[in-house]
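Here is a short note for anyone about to work with these coordinates.

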Amino acid sequence: MDRNRLGPLDILGITLGVIVILVVLGSIVMIARGRLIDPQGAFLGFRVPRDWQGDAMGFGSPVREEKDETVPAGATEIELRTVAGAIDVRGDPTASTVRLHSVRTAPFRRAMDEVQVDIRQEGGRLIAEEKHAPGFMNRTGTVSFQLVVPRGMKEIDAHSVSGSITVQGVEPGVTQNLSTISGGIATDRAGDLDASSTSGSIHFRCAGATVSIRTVSGSISGDLDSLATGGSAHFGSVSGSISVDASSGLDAELSLHSLSGRVSCDFPVTITEQKGNRLSGRIGKGSATVDAGTVSGSISISRM
Amino acid sequence: MSDMNEKMRLARKIAERKVAFIRHAISYLVVIAGLAVVNNLTYGGYQWWLWVAFGWGIGVVSHFLSAFLYQSGALVDRLAQHELEKMNGPK
């Protein structure tokens, strides 16, 4: 008798085993290729006939909803928070109140219902943030904000996780606190500025007394129009480069240091210490402080 | 007689393992297919059933390997036979 002969039980078992292996490999490929969220609601060509669907099913294509939110008058400070959505703030000297335009998007209808825009005012501070219903399935929708602000603003705070932040055309001197994890930041005409991003780049233009800009891998570039007497400007990055154009009237104690990046400064500096990639000195009378540090990124301070 | 009983016991054990795997695999395929249909009928965008297919599938594949490829004692028996032949030397 042939010991290796396969019986019907063996053939059935091996066939099922091969099918299961193919299903597992297929699921790995689909997960790895990011096909978990299929905006068309279809999978491998499987589509439910339209007649079966209905709104209650929550089945369908991506959804988008734009809305002009009612904003109470009198806000001089603004705080915006999103997760993946972009934040865009623009100044309009002709505007009399803050105008907030929100855009909600989701890959399907049910997810859209689980993400909301929460707007409230606490004193003179207007807060608008993205809110999700609790639960794993409820985090696929996103909110982005487009804000038009009038004159008279004092502070703009904008925070996102992966969305970009842009502040443009706001009247000079407004304090700005901006942070993201992976999105980029761009701002012009800021007063005091505190900006941070982990992997996004930061482009700025500011004139204030306190400037602090930090990234981990993103680059930092921009213009330092002026730095008030007694003020401080700090630029820090791990692997991103730092490139700052400062006004020719810059008057500051300077400290530039990098572990392996190149350090350069266009200003005439009274050098107090220069060793490797470290440069310390004074520009003018040294009435403010400017320090910039990186691990591997280059540092360049130039004259406008 | 004792050797015959031992072989019968082993054969029964292997057959039970194979039948258990077949039941397991059929349950897996039926449930996963059901989940995929329910997923796309109700909440079509997010293909969450893939996670179940992947996680449970690892278990079913392990079951398949133990039932058909690495049968209990078969590998040890083969190694023991090999060692025995080495001890006896060439005839």
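1. **Strand 7 of chain A.** Strand 7 (residues 142-149) of chain A is mostly covered, with six of its eight residues buried. Strands (E, at least two residues) and helices (H or I, at least four) are DSSP runs, numbered from the N terminus. A residue is buried if 20 or more other C-beta atoms lie within 10 Å of its own, exposed if 12 or fewer, and partly exposed in between; C-beta atoms are placed from the backbone.

2. **Basis.** This is a predicted model: local features need pLDDT of at least 70, side-chain atom pairs count only at pLDDT 80 or more, and totals for chains, interfaces and linings use all residues. Residues are numbered from 1 along each chain as its sequence is written, while chains are lettered from A and ligands numbered from 1 in the order in which they are written.

3. **Partners of strand 7.** Strand 3 (residues 87-91) of chain A runs parallel to strand 7 of chain A, joined by five bridges. Two strands pair if DSSP finds at least two bridges between them. A:Ile87 sits opposite A:Phe145 of strand 7. Strand 4 (residues 99-106) of chain A is antiparallel to strand 7, with seven bridges. There, A:Val103 faces A:Ser144 as its opposite number.

4. **Main core.** The largest nonpolar core has 58 residues. Such a core is a set of buried Ala, Val, Leu, Ile, Met, Phe, Trp, Tyr and Cys residues joined through C-beta atoms within 7 Å. A:Ile78, A:Val89, A:Leu147, A:Ile156, A:Ile213 and A:Leu256 have the most contacts inside this core. Strand 13 (residues 202-215) of chain A gives the most to this core, six residues. Apart from it lies another core, of 15 residues, including A:Leu16, A:Val23, B:Trp56 and B:Val60.

5. **A:Val89.** Residues up to four places away in sequence are not counted here. A:Val89 touches A:Leu147, A:Val149, A:Ile156, A:Ala158, A:Thr166, A:Val167 and A:Val170. Contact requires C-beta atoms, placed from the backbone, within 7 Å.

6. **Strand 12 of chain A.** Strand 12 (residues 190-197) of chain A is also mostly covered: six of its eight residues are buried. Strand 10 (residues 174-179) of chain A runs parallel to strand 12, over five bridges. A:Asn177 is opposite A:Asp194 in strand 12. Strand 13 of chain A pairs with strand 12 too, in the parallel sense, over six bridges. A:Leu193 has A:Val211 of strand 13 as its bridge partner.

7. **A:Arg189.** This residue is worth a look. A:Arg189 has a positive phi of about 60° although it is not a glycine. A:Arg189 lies in the loop between strand 11 (185-187) and strand 12 of chain A. Is A:Arg189 buried or exposed? A:Arg189 counts as buried, because 20 other C-beta atoms lie within 10 Å.

8. **Strand 6 of chain A.** Strand 2 (residues 77-81) and strand 6 (residues 125-132) of chain A run parallel, joined by five bridges. A:Arg81 stands opposite A:Glu129 of strand 6. Strand 5 (residues 115-122) of chain A is antiparallel to strand 6, with eight bridges. A:Ile119 stands opposite A:Ala128 there. Strands 5 and 6 of chain A form a hairpin with two residues between them, and A:Gly123 in the turn has a positive phi of about 65°.

9. **A:Glu69.** A:Glu69 belongs to strand 1 (residues 63-69) of chain A. A:Glu69 is partly exposed because it has 14 C-beta neighbours inside 10 Å. Leaving aside neighbours within four places in sequence, A:Glu69 is in contact with A:Leu100, A:Ser102, A:Val117 and A:Ile119. The C-alpha atoms of A:Glu69 and A:Arg99 are separated by 7.3 Å, with the two residues 30 apart along the chain.

10. **Between the chains.** Helix 1 (residues 8-32) of chain A and helix 2 (residues 49-69) of chain B pack at an angle of about 145°, their axes 9 Å apart. Axes are lines fitted to C-alpha atoms, for helices over the stretch in contact, and angles run from 0 to 180 degrees between N-to-C directions. The residues of this contact divide into 17 nonpolar, four polar and no charged. Ala, Val, Leu, Ile, Met, Phe, Trp, Tyr, Cys and Pro count as nonpolar, Asp, Glu, Lys and Arg as charged, and the others, Gly among them, as polar.

11. **Totals.** Chain A comes to three helices and 21 strands, and chain B to three helices and zero strands. Buried residues make up 36% of the 304 residues in chain A and 20% of the 91 residues in chain B.

Conventions
Two residues are in contact if their C-beta atoms, placed from the backbone, lie within 7 Å.
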